[in-house]
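Subject: Structure for your review

Dear colleague,

Please find below the structure that I am handing over to you. My notes on what was found in it follow directly after.

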Amino acid sequence: MREAIGTADLAILVFFLALNSFYALLLVLSVPEIWEQTRLADDDDFQRLMQSDALPPITLLVPAYNESATIEASVTALLTLEYCNFEVVVVNDGSKDDTLEQLRQAFSLYEVPRTYPAGIATRPIRGVYRSRTRTRLVVLDKENGGKADSLNAAINASRFPLVIAVDADTLIEPDALLRLTRGFLLGRQIAAVGGTVRVANGCTVQHGRVTDARVPRRFLPGVQVVEYLRAFLFGRLGWNRLGGNLIISGAFGLFRKEYLLAIGGYRTESVVEDMDVVVRLHRYLLRNRIPYEMPFIPDPVAWTEVPDSGRVLARQRERWHRGLLAAVWQYKTMLFNPRYRRVGLIAVPFYVFGEALAPLVEVIGYVITLGGLFVGAVDVTFALLFVLVAWGYGMLLSLWAVVLEEASFRRYGRLADLGRLLLYATLENFGYRQCTVWWRLKAFVTVFTHRHVWGEMTRKGFEADSEQVAAKGLRG
Amino acid sequence: MRGRDFLVVVALVQGVLLGALVVLIILNRWFRLRRRARVHPRVVALNGAMQRWALGTVDLGTVLVHLSRLPIPLAVDALVSWSARVPGDRWRNLATALRGHWWARIVRSNAGSARWWKRLETARFFAVAATPEDTSHVLKLLRDPHPAVHIAAVATLERLESAALTTAALERLPRLAPTVGAYYAGMLRRSRPVVVQLLQKMLRKSDDPALPRLVEFAARLKEPPLRERLTTLAAHADPEVRIQAVRAVGGYPHPDSIAALRRAAVDAAWPVRAQAIRSLGMIADPATLPLVREALRDPEWWVRLRAGLALTRFAAPGRNVLLEAEVGGDPGARDMARLVLGLTPQALAEYAA
């Protein structure tokens, strides 16, 4: 018994060391990457670019489901982005409220015949509308089919070679499209690009724009600011150098349309369509030996509202993890497959062992350690030290994300906000992290029972003066 | 070393690192605030001096003194931002005066730096303050392997007329990725005489795979000496060349252009037809109205759209054709006429762009 516990403890220790060494590698790699990205972001002369016709035209794909309260402001904000050539395709995904009517009145829509080919099969389209006042706007009205289906319908209707999937409730910074296309201007062979998603809770929002970035005072949204910084600023930047970004946020990611069409668009069966589509893109491009890059660029920013109640957050994290488990199972043949190069040999194994299985290993670790302590197989001091080191390492990574933010973009200018960031980075490991492990653990059960259940999310409006609470499906 | 000792060491190292990170974050914030407090007044002073110099109330020396008080990256930023606001002659005086200035010499010497961001800084400086003596440096930066550097360097063409630089940029243009190529093209348009001369030679190589890109660029120039060659290329075997040439020909209201467009309007490839109809609309010769009316019944939606938009450029006769089509028997033409007649003038302008 004692030997078995000792062996299991050793195995968990090795897992812990390997995983954290990899995080350390990502951390180190993020430094030159953010250095380069910050330099490029600072030196770009965006006004000059906006006056040139060099930038590639873009279609924004905007799925909308029961967005009646905010759709006019969201679409107006999208239509006034600083970019020379783009269109916005809004898809009313069979909303039960008057989303379409709001759009019709706000933008003077008129019905036009559907004249584009349906490259990807979708739920039936009920109507295609154009605007008399905003020629950049196209609205599709279709039967409800979910976010992936709406995105596919929007891809079919899009005119331009680059498409950006945007959530209707996401606030995009005015110059974000310009920044997102920097890779194209630098002549890189971009298949997809991801931008940063930041937490809008607590920020001042006026006319669909974040005018004053703040770190929320409430713990739950506040701690998610640190999580988002960690995920984007050092996680994805580190992956840039390893050539294997497996996630481009569904709330704000740019794709080359021809590749999306080649893989058949978004999979409607997938729970997390953003990871699914990126993995399939990697697979398609590597199988066909098409040279490509899928970078993450940190300075284009989209703001999104995160859950501020434990119940909603629990559901979100369970769903994300369920989607991750389903995706790694779906694409298991890529694991350690040299045909998929760094994606198959580094990225997929990391997501399987370091992300998908991590909560399981962590809980097993806690159980075995407690069991070991009970039967006297584990030294108490050793166990406490181990937990201390594990939590300390988590704090180190979170603080490193704050360092990167401070050294580069510094969106949170006030000292009070910096103080809150440091506080949340410290407190995150005491209670919150264990909760996320538990929520993610539940996904191991629900992955078999709730394959396509998204759950309900209660969102509060962004604008300070709009108090309406919109109950809606959580979409990405 | 036992496991417990190892963990103690790791915990201690982590503790030190955590403390160091917190101190680093706080120090970084403090240094930035301090630096800003020190530098900001100098930036304000420079802006004031620049403004007064632009109005002619202070001499150039004052501006140079204020520039030299700023850290080099900020001085380059200030130059970039003021370059668009100061009249050309006056700005050229500043560029010449900067030749002998100590910090400008440092910036120039970075043209050969091993660090790309230093070369980028130099390229940005040259983009606003290069003099003819800098041509060799700019040429080197134009051939830089880092895209950000050569893209910044090509902006020098806006201010410095040099056949060598123009030739280098034009030769690189067809090999660049489309977006970068389009940016280069925007810059090259400023050096028309040299570019037109070079293009005339390059457009004669009809088997050049870069021909579509060159024709696309030539179309933007709308230079009369290029018309004849572009009209010939409207019958090229490669549809991509035909599309670009037909688009270009629309910028030349000439009988030869109209003849070439009449042929292209019945091309087998619909993108060529769409482009030809668009160009016919740009020229708006009443004799071509029946051809455009016919295109309103084209099987391809995009050709019909182009025809509908082109008809709006034929004034009353074009509008009458649309009104007839709106109640006519052809469903494709009817839908398109309805769409185009429903558009506001602003929408029409946006579509036509």
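A residue is called buried here if 20 or more other C-beta atoms lie within 10 Å of its own, exposed if 12 or fewer do, and partly exposed in between, with C-beta atoms placed from the backbone. Helices (H or I, at least four residues) and strands (E, at least two) are DSSP runs, numbered from the N terminus. This is a predicted model, in which local features need pLDDT of at least 70 and side-chain atom pairs count only at pLDDT 80 or more, whereas totals for chains, interfaces and linings use all residues. Residues are numbered from 1 along each chain as its sequence is written, and chains are lettered from A and ligands numbered from 1 in the order in which they are written.

Two enclosed strands of chain A

In strand β5 of chain A, residues 137-142, six of the six residues are buried, so the strand is largely enclosed by the rest of the structure. In a regular strand the side chains alternate between the two faces of the sheet. Accordingly, A:Leu137, A:Val139 and A:Asp141 point one way from β5(A), while A:Val138, A:Leu140 and A:Lys142 point the other way.

Two strands are said to pair if DSSP finds at least two bridges between them. By that criterion, β5(A) pairs with strand β2 of chain A (residues 86-93) in the parallel sense, over six bridges. Within β5(A), A:Asp141 has A:Asn92 opposite. Strand β4 of chain A (residues 125-131) runs antiparallel to β5(A) and is joined to it by five bridges. Here A:Lys142 of β5(A) has A:Ile125 opposite.

Strand β6 of chain A (residues 162-166) is antiparallel to β11(A), with five bridges between them; A:Leu162 has A:Arg256 as its bridge partner. Strand β8 of chain A (residues 192-199) also pairs with β11(A) in the antiparallel sense, over three bridges, and A:Ala192 is partnered with A:Phe255.

Helix α4 of chain A

The buried residues of helix α4 of chain A (residues 99-107) are A:Thr99, A:Leu100, A:Gln102, A:Leu103 and A:Phe107. Seen down the helix axis, they fall within an arc of 160°, so they line one face of α4(A); the arc is that of the directions from the helix axis to the C-beta atoms. Residues count as in contact if their C-beta atoms, placed from the backbone, lie within 7 Å. The buried residues of α4(A) pack against several elements of chain A, including β2, β4 and β5. Just after α4(A), A:Ser108 takes a positive phi of about 50°.

The contact between the chains

How many residues does each chain bring to the contact? Chain A contributes 39 residues and chain B contributes 37 residues. On the side of chain A that touches chain B, α14(A) gives the most, with 16 residues. That side divides into 25 nonpolar, seven polar and seven charged residues. Ala, Val, Leu, Ile, Met, Phe, Trp, Tyr, Cys and Pro count as nonpolar, Asp, Glu, Lys and Arg as charged, and the others, Gly among them, as polar.

Residues with positive phi in loops

Most residues other than glycine have a negative phi, and most peptide bonds are trans. A:Arg410 has a positive phi near 45° and sits in the loop between α14 (380-407) and α15 (415-449) of chain A. A:Arg410 is partly exposed because 13 C-beta neighbours lie inside 10 Å. In chain B, phi of B:Lys222 is positive, near 50°, and B:Lys222 is found in the loop between α12 (211-221) and α13 (224-233). B:Lys222 is partly exposed, with 14 other C-beta atoms within 10 Å.

B:Pro224 belongs to helix α13 of chain B and is exposed, with 10 C-beta neighbours inside 10 Å. Its C-alpha atom is separated by 42 Å from that of B:Gly100, 124 residues apart along the chain.

With kind regards

Definitions and conventions
Contact = placed C-beta atoms within 7 Å.
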